[in-house]
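Have the viewer open as you read.

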Amino acid sequence: MQSSSNSLTTDHFISSLSEDVINFRIDRVYTKPYTLEPEYPDEKPVELGVGDLLWLLIFGLHKDSKYFPKPEVFDPERFSDENCDQIIPYSCIPFGFGPRNCIGSRFAILESKALLYNLLLNFEIVPTKKTANPLTCKRGSFENAVEGGC
Ligand code: HEM
């Protein structure tokens, strides 16, 4: 897969897919007390104690315009060779990070490529009456689901 600038590869496309839809959260257990300082005036500090479980919402991070301008736009060019050095370290973590990151990431990317290749080869993908555009995430759910979706 290539763009007109010959720079967009399947890897960039898969990176964008992973950033966009696949992942949801990672969890960590606190081993030291820590205070999350408020960012806005109406917020209070959050005290985290030893043994507390923290869910890091990867989806929220990947949809944060501080790191990804126009996060609602599916734009594989964000990951092109020209642009990838603008990605802030640890802002894009579809497979986690550190010593417990995903051991299956390369296999998963390979699988995703095979899946995408076969889908595009054998099917025509068109919007239906139920296709949400723009797509809105379901509120009040920890699942990565679309508002109005099944
Ligand atoms: C698109 C597919 C996949 C995604 C998005 C994904 C994502 C993740 C994430 C976010 C973590 C947690 C990393 C962390 O806590 O820092 C993880 C852990 C893990 N993944 Fe995946 N994964 C995928 C596919 C796979 C596959 C295909 C395998 C195995 C064949 C696999 C095996 C594992 C294992 C064993 C861990 C735990 C590693 C550890 O705790 O040391 N994953 N994955």
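Helix 3 takes in residues 105–122, and at 1.5 Å a residue its 18 residues should span 26 Å; the end C-alpha atoms are 26 Å apart, so the two figures agree. That expected span is 1.5 Å times one less than the number of residues in the helix. Helices here are DSSP runs of H or I with at least four residues, strands are runs of E with at least two, and both are numbered from the N terminus. How many of the 18 residues of helix 3 are buried? The number is zero, so helix 3 lies largely in the open. "Buried" means that 20 or more other C-beta atoms lie within 10 Å of a residue's own, "exposed" means 12 or fewer, and "partly exposed" is in between, with C-beta atoms placed from the backbone.

Before going further, keep in mind that this is a predicted model: local features need pLDDT of at least 70, side-chain atom pairs count only at pLDDT 80 or more, and totals for chains, interfaces and linings use all residues. Residues are numbered from 1 along each chain as its sequence is written.

Zooming out, the chain has three helices and four strands, and along the sequence they follow the pattern α-β-β-β-β-α-α. Of the 150 residues in the chain, 10% are buried. Contacts (C-beta atoms, placed from the backbone, within 7 Å) can also be sorted by sequence separation. Among those in the chain with a separation of 6 or more, 50% come from residues 24 or more positions apart.

Now the ligand. It is surrounded by 15 residues, and the closest are Ile 26, Gly 96, Cys 102, Gly 104 and Ala 108; a residue gets into this shell if its C-beta atom, placed from the backbone, lies within 6 Å of the molecule. The shell splits into nine nonpolar, five polar and one charged.

Cys 102 sits in the loop between helix 2 (58–62) and helix 3. Leaving out residues up to four places away in sequence, Cys 102 touches Phe 95 and Gly 96.

Over in strand 3 (residues 46–48) you'll find Leu 48. Not counting residues up to four places away in sequence, Leu 48 touches Tyr 30, Pro 33, Tyr 34, Leu 36 and Leu 54. Leu 48 and Thr 31 are 17 residues apart in sequence, with 9.6 Å from C-alpha to C-alpha.

| Residue | Other C-beta atoms within 10 Å | Class |
|---|---|---|
| Cys 102 | 15 | partly exposed |
| Leu 48 | 14 | partly exposed |
| Tyr 90 | 10 | exposed |
| Lys 70 | 9 | exposed |

Most residues other than glycine have a negative phi, and most peptide bonds are trans. Lys 70 has a positive phi of about 50° although it is not a glycine, and Tyr 90, also not a glycine, has one of about 70°. Lys 70 is in the loop between helix 2 and helix 3, and Tyr 90 is in the loop between helix 2 and helix 3 too. The peptide bond from Asn 133 to Pro 134 is cis, with omega near 5°, and Pro 134 belongs to the segment after helix 3.

Technical notes
Ala, Val, Leu, Ile, Met, Phe, Trp, Tyr, Cys and Pro count as nonpolar, Asp, Glu, Lys and Arg as charged, and the others, Gly among them, as polar. Two residues are in contact if their C-beta atoms, placed from the backbone, lie within 7 Å.
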